[in-house]
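This briefing covers the structure shown below.

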Amino acid sequence: MSPSPLLTVSNVSLMFGGVRALNDVSLEVQPGEITALIGPNGAGKSSLLNCISGLYRPTQGSIQFHSARGSQEITTTPTHQIAALGIARTFQTPALYPGLSTLDNILTARHIHMRQGLLSGLLYVGPARREEEAHRARAEEILGFLDLKHLANTPAGALSYGHRKQVDLGRALALEPELLLVDEPMAGLHQEERETLTRYLLELHFGRKVPIILVEHDIQLVMEIADHVVVLDFGSKIADGPAEEVQRDAAVIAAYLGEETH
Amino acid sequence: MYKRYGLVLICLLALLLAACGGSTPAEPTVLPPTEGAAAPTVTQELAAAATETPEEDGATVGPTAEATSTVEEEAETPTPEAEAIDLAAFSEPTECEVDLTGQEITMYHFGDLSGAFALVTQPLVAGLEDAIEVLNADGGICGATLKQEFADTAGRQEEAQAIYERYAALDPKPRLLLLYSSADMELLRDQTAEDEIPVLSAGVSIKAVYGEDGQSPGWAYGTLPLYVDQFGLFCNWVAENWEGEEPPKVGHLNWEGAFGRSTDTPLTREYCAAQGVEVVGAEYFLPGSPDVTTQIQTLQASGANIIYTTALASGPAQVLKDAIAIGERENLMIAGVNWALDTTTVALAQQAAEGLIGPLPYLWWDDTDSPGIQLITEQWTAKGRAPDTRNVGYIQAWAAVDLYRELLTRAANEAGDLASVDGPAIKAQLDELQYAPMGIVLLDYTDGRRTPHNARIARVTFTDGQPRLEALTEELETPSLHPGGADAP
Amino acid sequence: MAECVVLGKPCFLLAQWLMTGVMVGSIYSLVALGLVLIVKASGIFNFAHGYLMLLGSLFCVTIFQALGEQNLWLALLVTALLMVAVGFLIERAVMRPLLGQPLLTTIMMTLALTQLMQGLITLFWGVSAIPLNIFVYGPGDMDPATGAALTGLPLKPLILESKSWLGGNIIIKQQFVLSFLVSAGLVLLFTLFFRYSRTGLVMRAVAENPRLAQAVGLRVYFTLGLAWAIAALLGAAAGIVQSGGSGVDGNTIPLLALRAFPAVLLGGLESIPGAILGGIIIGVVEVMVTGLVDSTTGQEFAPFLVLILVLLIRPQGLFGQREVERI
Amino acid sequence: MSAQRLSEWWPLALAFVGFVLLPALDLLPTELLRLLASIGTTAISVMGLNLLLGYTGQVSLGQAAFVMVGAYTSAILARETGLSFWLSMPLAGLAAGLVGLLFGLPSLRVRGFYLAMATLAAQFIIPWVIKAPEKLATLVGWLTLGLVHPTWDSTLTGGATGLQVPAPVLFGSTLDSTRAEYLTVLAVVVVAFLFQRNVVRTRTGRALVAIRDNERAAEVLGIHPYTYKLQAFFLCALYAGIAGALQAHFRRSISPDAFTLASSIEQLGMLVVGGAGYLAGPLFGVSLFRLMQDIIVRVTPTLREIVPRLLPFVAQTDVDTSFRPLIFGLTLMLFLIYQPLGMAHGVRQLAARWRARVPSR
């Protein structure tokens with residue numbers, strides 16, 4: 001293992017009322033790798049993702065993020081600050097802003113990179129205008145990467161589900177993240193859409209070296225693209241290692257793969 | 001599909017309400033008319049209205065014309081009993097020297113017809129309608145037909161402003177405007193002065209009539225004694241007639257708002273103290289507050305044995321009922337501003353209103369000697385008006401119409417025609433007015449005072465279960481207690 | 001005898017204000033109960049509650065007078081039936097088309113309902129104030145006009161003898177005793193209803209997720225209609241208790257409903273005991289501040305200050321459950 | 001140019017026409033100018049509400065109270081310091097904005113109608129303070145344990161009776177004509193509209209919409225919801241304050257009874273009917289309701305004749321009194337059921353349908 005992980009999750013537990021959603025989970029994410037989180041429904045995959053992105057506060061344990069700007073404890077950091085540190089995420093059901101155009105949806109994610117405030121926004125002259133235009137160009141670039149330029153002015157509410165998933169990804173990219181959390185990107189997509197999205201993920205991984213935590217049900221996809229797989233079951237980690245290794249793990253087969261194949 | 005039914009059901013709701021509520025507006029359980037006039041049922045009222053309506057448009061024949069002529073006679077030759085009220089001396093109408101036949105005069109007025117003042121103002125509108133009908137049947141103003149135009153502000157200042165602007169923009173501008181509430185008058189006083197439209201205001205806070213400094217009358221004329229003057233008169237009366245063992249001490253218990261806050265000023269406190277009547281405190285309550293017992297007890301704790309309330313309708317009713325409900329009625333004299341002494345209070349408080357006391361600056365329905373009141377009662381009965389219109393508003397309306405006639409007649413006589421009678425011309429007449437419209441209230445603006453300055457002290461009593469306002473005094477001169485007023489300490 | 005004085009006020013007055021506060025609070029509680037019930041059963045915060053109160057008291061007074069002011073119980077029964085009908089109508093006509101719409105839309109709809117009801121009430125009853133003779137001047141008073149005994153409760157205070165130890169007696173308005181008893185009875189009734197009756201359980205399920213409830217075969221529309229009917233009934237109850245004191249005045253009753261809103265939030269929005277306790281606390285705060293500081297501060301400021309404090313410190317209210325938001 | 005752009009630009013075009021027609025203003029009836037000025041003043045306040053409700057998704061029941069803060073601030077500045085209206089107006093906006101910020105504080109922890117309740121509190125507390133500032137002074141004294149003893153009293157605010165306010169002065173001439181009022185209001189409306197548009201289409205605006213549509217997702221993008229909600233409250237109240245200042249100086253009299261909850265609710269209704277979340281929404285909504293009111297007033301004499309004949313139980317004086325809330329309520333209901341996105345949305349749909357037709361020709 002590499003000596004300097006990007007993200008360290010140590011002994012995280014999460015309680016909802018009396019229900020234990022996560023139980024003493026620890027894992028490490030290495031820079032430049034795709035880490036996959038798998039497990040049956042209700043195993044706690046999304047809960048863990050939510051803990052990392054700050055939407056849930058772990059009941060116990062800690063999460064550390066070691067970015068280029070230094071290490072930081074982010075266990076109790078507010079969500080928006082975690083985003084500002086460079087952790088972006090997508091949602092299982094894309095949470096786009098239906099009233100805004102595709103381009104504006106992407107631009108929304110440029111928020112942390114922009115400086116203009118209320119007053120300069122009101123006046124919209126000089127630097128404010130230049131900044132706005134620069135970021136608009138950047139957003140268009142991302143749309144170009146996702147081949148969505150033709151939809152730039154379409155309201156997000158009018159997009160197809162597949163396109164919405166892409167825009168959601170694009171929006172996460174617009175943050176220029178140091179770590180990207182992708183929550184079940186393939187859920188609800190056709191084969192063709194899956195292939196497109198997989199292509200973008202791989203392109204991100206190989207082209208831009210963006211480290212990714214991927215929560216996914218599609219075992220085949222996970223085994224194909226993940227460098228490192230973590231298996232959760234009933235909130236506990238039952239396996240952790242390179243894809244091939246995990247695939248052979250007896251406990252995983254019993255708890256998860258066995259269940260999947262019957 | 002449910003959307004399709006939405007409208008239908010709203011209509012059904014309306015019909016249900018109609019079925020339940022429509023047929024019985026306020027039965028006349030509280031205040032049947034005095035002199036054996038049978039309480040009109042709703043159906044009679046409608047039947048009457050239905051038969052009368054076509055005749056209205058026609059000639060000046062019919063019962064209304066008769067009724068008017070009687071009164072004209074009586075007004076011109078006062079009966080011996082009427083001499084007891086010196087108001088009658090000022091109620092001689094001016095003769096016409098011009099013929100305005102064929103012309104039309106519009107009486108503009110607006111105010112809160114659906115908010116907190118509605119109970120007083122709605123009967124006012126009804127009264128204006130009846131009075132104008134009678135006036136027109138009797139030949140109008142030197143032949144010109146009078147009509148009214150009014151609007152409802154729902155007690156909202158934005159509305160009052162908008163309506164005023166609409167009226168002020170008319171060509172020709174209204175010659176005279178009638179407003180009901182202090183708040184509206186306060187809002188519009190500068191604007192009316194600028195537009196040169198004189199205003200008769202039934203709301204008589206100091207600021208409404210005399211402006212912010214209390215000394216700038218502008219174009220506003222009150223139709224009642226200032227609320228502070230009324231209270232001053234009350235203090236005078238208490239000073240002379242107090243029989244309690246402890247010295248008289250007044251606690252104010254008023255509605256929150258411009259109206260409620262208009263009575264208690266440093267000047268009235270000082271004036272009353274000089275008469276030997278101490279004001280020991282002022283408490284306020286919001287319309288809709290379920291309880292005023294705490295305020296009553298607080299005032300009592302500071303020594304008050306008199307509660308003076310500047311509120312109307314449910315306000316005084318609640319004060320009266322709460323005083324009884326805590327068993328303190330016998331220990332307190334409860335008094336109020338003229339509006340508190342109104343029918344609506346008695347209707348709501350019923351027997352609990354017994355003994356409510358206060359200044360009464362106009363004749364009342366019970367002053368059956370007065371020809372003016374006789375006419376009004378007669379017309380009220382003939383028109384089949386609902387019992388809840390038998391209040392101060394209805395009386396004031398008749399007075400206002402008579403005043404309108406008088407002012408326009410005088411101004412037209414002077415000018416020779418109607419066209420040159422404008423706001424300033426009416427103001428000139430108002431400034432030297434000394435007239436008691438219908439013999440009901442003496443409007444005397446000759447000494448520079450912008451409000452009437454006499455009233456009686458009256459009390460609510462029940463005889464044979466019928467409420468009436470019993471006058472305890474003759475007409476008395478009120479002090480003048482606005483800043484700069486003659487009696488201001 | 002040494003006068004008992006605390007905070008510069010005689011003890012019996014302080015005790016009196018505390019008692020008055022509880023009793024005034026019981027009226028707020030009654031109003032709050034109607035508001036809470038509709039939140040609990042359909043998730044809607046009903047700004048039109050004040051007009052349900054007004055409508056209820058107008059129905060009651062109109063029928064009471066039509067019956068010659070002789071039979072209050074029959075008038076109350078007929079009023080109750082009419083209010084049930086009104087409740088179902090409101091659900092059917094204006095709330096059902098909004099099922100599944102955002103919260104804001106339903107808030108706006110109840111505000112629109114306020115205007116509509118105000119208009120309709122003015123159209124049919126005018127703006128007159130009407131006495132409702134639940135409380136009459138003295139015990140056994142005769143109506144001097146007819147000679148008939150006046151029906152209704154005598155307007156006589158209950159006096160708690162406390163002169164010997166507090167320096168004065170404590171006096172309670174009968175209207176408040178009535179509202180207190182009505183509130184207490186209704187609270188018991190609805191607590192049992194929600195806990196034990198099947199309809200109560202269905203109501204909770206419907207409020208949670210109407211679409212899901214529909215899918216599993218619950219009678220969603222009927223249940224929501226019933227919730228509105230109950231809210232309308234409670235509105236009428238509060239309206240009648242209040243009008244019994246000061247008469248049916250179309251301008252003041254809807255204002256009273258607004259003043260109960262802090263009570264609802266203080267109680268925790270969905271909690272029946274919360275509504276009651278919230279109402280009483282607001283009542284006590286209002287009356288104590290009225291007594292100790294002054295009446296405007298007590299009525300306009302204090303209840304809303306409590307409201308702001310609740311929102312800042314404990315937004316879920318006294319009895320509300322803090323919701324765990326799951327994504 | 002898309003239909004969206006068009007529907008957002010037309011008010012500007014209209015404003016342009018309004019100015020160009022300047023020399024022709026004298027030909028227009030004063031009544032019309034006053035109506036337009038009144039629409040404009042209300043629209044400014046509703047634009048603020050639009051930023052809060054339409055773009056940020058937060059409800060306010062206290063807009064009239066914030067208008068009140070603006071009106072009083074400007075009036076007091078003008079009276080006490082003789083400050084020019086052109087300075088006191090923005091200061092009034094600022095003061096109202098800060099007060100709005102204060103009442104927006106609970107938005108940290110509560111949403112939906114909990115927040116509506118906080119603003120309802122504003123609707124009660126603000127008039128209380130204005131009627132009796134000495135009570136606030138006492139309160140401040142208590143809270144600071146006697147360290148600060150402000151000496152405010154009601155002579156400053158005029159207490160329950162309110163204040164007279166001087167008319168604005170521009171280059172030595174007093175702006176007290178309807179024409180001057182119309183032009184001033186028009187100018188402020190145009191600036192307010194441009195600001196609103198700028199805010200909405202830039203960083204802040206996108207953050208507001210992100211919070212409205214999905215607060216969690218907004219946080220994940222690094223947007224701090226609380227900061228932006230507070231900004232929205234500030235802007236909303238700022239607009240209200242500007243509207244208040246205009247109202248105070250052109251009406252020249254203000255009283256604490258004039259800023260009611262009913263007016264707050266009416267503004268909400270106007271916004272929803274006009275189209276919350278659309279730039280043109282406030283102008284549409286305010287115009288519709290003001291015109292409707294105007295029409296009702298104009299037909300009232302006729303209604304007073306007809307209605308009591310059709311519905312015999314209706315008193316003549318109750319006709320317009322009941323019709324106004326009735327029609328307001330019904331209009332709002334119908335919009336909520338059939339067009340919950342408001343007039344602006346309807347216009348946009350029509351425009352889209354129109355454009356869809358064009359190529360087929």
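**Backbone features and overview**

Asp147(A) is placed in the loop between α5 and α6 (161-174) of chain A; helices (H or I, at least four residues) and strands (E, at least two) are DSSP runs, numbered from the N terminus. Although Asp147(A) is not a glycine, its phi is positive, at about 55 degrees. This is a predicted model, in which local features need pLDDT of at least 70 and side-chain atom pairs count only at pLDDT 80 or more, while totals for chains, interfaces and linings use all residues. Residues are numbered from 1 along each chain as its sequence is written, chains are lettered from A and ligands numbered from 1 in the order in which they are written, and side-chain values use heavy atoms, with hydrogens and water left out.

**A cis peptide bond**

- The peptide bond that runs from Asp171(B) to Pro172(B) is cis, its omega being near 0 degrees.
- Pro172(B) belongs to the loop between α5 (157-168) and β3 (177-179) of chain B.

**Salt bridges**

- Over all chains, 42 salt bridges are counted, a salt bridge being a side-chain nitrogen of Lys or Arg within 4 Å of a carboxyl oxygen of Asp or Glu.
- Side chains of opposite charge can pair when their charged atoms come close.
- Within chain A, Arg138(A) pairs with Glu141(A) in a salt bridge whose closest N and O atoms are 3.3 Å apart.
- Both Arg138(A) and Glu141(A) are part of helix α5 (residues 127-145) of chain A, where they stand three residues apart, about one turn of the helix.
- Another salt bridge links Lys173(C) to Asp322(B), at 2.5 Å from N to O.
- That pair joins two chains, because Lys173(C) lies in the loop between β6 (170-172) and α6 (174-196) of chain C and Asp322(B) in helix α11 (residues 314-325) of chain B.

**Domain interface in chain B**

- Chain B is assigned domain 1 (39-225 + 367-452) and domain 2 (227-360 + 455-477); the bounds come from an automatic or database domain assignment.
- To the contact (heavy atoms within 4.5 Å), domain 1 of chain B gives 22 residues and domain 2 of chain B gives 20 residues.
- About 1700 Å² is buried between these two domains, with 63% from carbon and sulfur atoms; buried area is the accessible area (1.4 Å probe) that two parts lose on being put together, summed over both.
- Three salt bridges are found across the interface of domain 1 and domain 2 of chain B.
- Asp367(B) and Arg456(B) form a salt bridge, with their closest N and O atoms 2.7 Å apart.
- On the side of domain 1 of chain B that touches domain 2 of chain B, the elements that give two or more residues are α4 (118-137) and α6 (182-195) of chain B.

**Model confidence**

- For the complex, the predictor gives an ipTM of 0.82 and a pTM of 0.85.
- Chain D has an average pLDDT of 85, and 92% of the residues score at least 70; pLDDT is the predictor's confidence in each residue, from 0 to 100.
- Chain C averages 82, with 89% of the residues scoring at least 70.
- Chain B has a mean pLDDT of 79, and 82% of its residues reach 70 or more.
- Over residues 11-85 of chain B, pLDDT stays under 50, and the model has 85 contacts beyond four places in sequence for them.
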